[in-house]
Amino acid sequence: MRQAASALSTKGEDPSLTAMDAFMLAVVLVALAIFARYLKRKHLVETLDRIPGPPGYPVIGNTMDLVHFKFNLTNAVASWTAQYGDIFKIWLGNVPFVILTKPEDLEILLSSNKHIEKAELYALLHPWIGEGLLTSTGKKWHTRRKLLTPTFHFRILDQFVEVFNRCGELFVKKLLEQKEAVNVHELITLCTLDIICETAMGTKVEAQNDATSSYVTAVHKALISFHQRTMKPWLHLNAIWNMSSDGKNFNSAVTELHKYTNDVISSRRKERESRRKDSLKTDQDLGLKKREAFLDQLLDASDSGADLTDTDIREEVDTFMFEGHDTTAAALSFIMYNVAAHPEVQQRLREEMFDLFGDSDRQATVQDIQNMKYAERVVKESLRLYPSVPLFARKMREDLPLTDGYVLPAGTNVTVSCLQMGSNPKHWPEPEKFDPDRYLTENSSGRHPYAYVPFSAGPRNCIGQKFAMMEMKSALSKIVRSCDLSLPSPGYKPRIEGQVILRAPEGVFLKVAPYRAKA
């Protein structure tokens with residue numbers, strides 16, 4: 001009996017059985033994980049099948065539809081909206097997107113403190129801007145948003161008006177030097193780049209005087225290459241992207257941009273340390289303290305104990321550069337077009353400027369910019385028709401019921417189409433008409449607050465919208481006080497295309513002449 005018991009005991013401790021048990025357990029766990037993934041995918045597909053949309057092909061989804069539209073997502077979304085209405089789905093490869101334009105649905109999505117994660121495509125920006133405020137999520141986003149919100153308070157933004165004025169004056173000068181119809185987008189892009197470099201980093205790149213500088217060229221290359229990647233699903237794969245010509249252009253441009261930003265951060269740290277050691281305060285020091293760039297405020301936060309490394313600081317500065325440069329340039333070029341196309345609007349703008357400045361040529365103050373009420377309505381109306389960011393997207397981590405019985409299932413990328421919302425006659429009577437007075441209180445009462453979201457809305461709205469509005473109103477003021485804008489030919493209208501931002505591929509051409517007030 002003892003021998004039998006001993007044999008059984010030895011058998012029970014056989015390591016080969018223990019390994020077999022572990023293997024079987026692993027097989028069961030893998031099988032359960034695969035089954036759970038299958039059920040999750042099944043739920044996603046079945047839920048999405050209830051939402052209308054263009055039929056797709058296995059594996060490639062609706063990629064061929066984009067090929068048909070020559071990767072012009074603006075035209076594609078316009079066509080699908082006309083066919084399927086306020087909500088529809090598409091597949092980019094095996095990744096689902098639901099496009100929304102109904103204000104009631106947008107309010108459910110954008111007002112939520114839970115559904116704030118950006119869509120998967122935003123990860124393609126990580127090589128450039130890392131996980132800054134635009135692309136981060138969860139605790140990191142909440143911490144950064146709380147840290148950065150005070151830096152965009154009006155009291156902080158006031159100090160940048162001098163930069164707006166100086167760069168705007170040079171822009172007007174360059175504009176008036178043109179003898180024929182000029183592509184205003186090219187010139188205003190250089191102006192906004194000068195503004196963003198000085199306000200974000202405290203450095204002057206002199207883009208308006210040297211459009212061929214390495215930094216200016218790198219910004220342009222990075223934006224163009226990134227657009228190509230977003231539109232072509234096969235370029236989303238890093239291996240293919242890095243071998244492509246666009247990928248190589250993007251990577252070399254990002255290397256140049258990071259080097260520049262890193263050098264500026266290092267230089268600024270040394271300057272700050274030098275000032276700390278020097279107890280004598282010069283007038284120049286006082287001037288630097290009076291106007292601090294966005295970078296300086298991040299360094300202040302870092303010195304005060306905030307958990308910000310130099311890489312973290314570079315992420316936020318690069319994010320500000322990315323979001324606040326080309327978007328504002330696109331907006332201003334379309335604002336100028338709309339002013340040129342509507343002489344009565346141009347005249348009313350001049351009347352407002354005369355009320356504020358009279359015959360003087362003094363610089364605009366913060367108070368002046370705040371008092372530009374009609375100019376603000378002109379900016380808003382132009383953004384309705386030509387939103388700088390025509391599409392932005394979120395990633396759903398759990399199901400979200402919408403109106404009309406639809407549900408956004410977990411795993412879906414949800415895209416908001418600002419361009420289509422702005423042309424919806426349900427919310428904008430005569431949507432093709434340019435009418436700044438739509439935003440007067442008596443004309444906007446009853447309009448759904450989420451019918452107009454060019455800066456997004458809710459907890460993850462654009463943190464820099466006050467900065468952008470001040471910059472655009474300042475530029476518009478300088479333009480109409482000095483220039484007379486007109487179309488290059490009767491009925492001219494720039495062709496638009498939704499890339500990373502909404503732009504006119506061939507440019508926005510206008511005639512510009514000096515403005516002389518009538519005696």
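Predicted model: local features only at pLDDT ≥ 70, side-chain atom pairs only at ≥ 80, totals over all residues.
**View 1. The lining of the second largest cavity.** The residues that line the second largest cavity are Leu383, Arg384, Pro387, Cys418, Met421, Gly422, Ala451, Tyr452, Val453 and Pro454. Two elements, helix 20 (373-385) and helix 21 (418-422), each give two or more residues to this lining, and helix 21 gives the most, with 3 residues. Sorted by class, the lining of the second largest cavity comprises 8 nonpolar residues, 1 polar residue and 1 charged residue.

**View 2. The crossing of helix 13 and helix 15.** The axes of helix 13 (residues 245-277) and helix 15 (residues 294-303) come within 11 Å of each other and cross at roughly 65°, and the crossing in which helix 13 passes helix 15 is right-handed. In general, two packed helices are described by the angle between their axes and the distance between the axes.

**View 3. Residues at the contact of helix 13 with helix 15.** From helix 13, the residues Val264, Ile265, Arg268, Arg269, Arg272 and Arg276 meet Leu295, Asp296, Leu299, Asp300, Ser302 and Asp303 of helix 15. The residues of this contact divide into 7 charged, 4 nonpolar and 1 polar.

Definitions and conventions:
Residues numbered from 1 in each chain as written. Heavy atoms only, no water. 1 Å grid on protein atoms, 1.4 Å probe; cavity = no way out; pocket = protein on both sides within 12 Å on 5 of 7 lines; lining within 4 Å. Helix = DSSP H or I, 4+ residues; strand = E, 2+ residues; numbered from the N terminus. Nonpolar A, V, L, I, M, F, W, Y, C, P; charged D, E, K, R; others polar. Axes fitted to C-alpha atoms, helices over the stretch in contact; angles between N-to-C directions. Left-handed = near helix turned anticlockwise from the far one by under 90°. Contact = heavy atoms within 4.5 Å.
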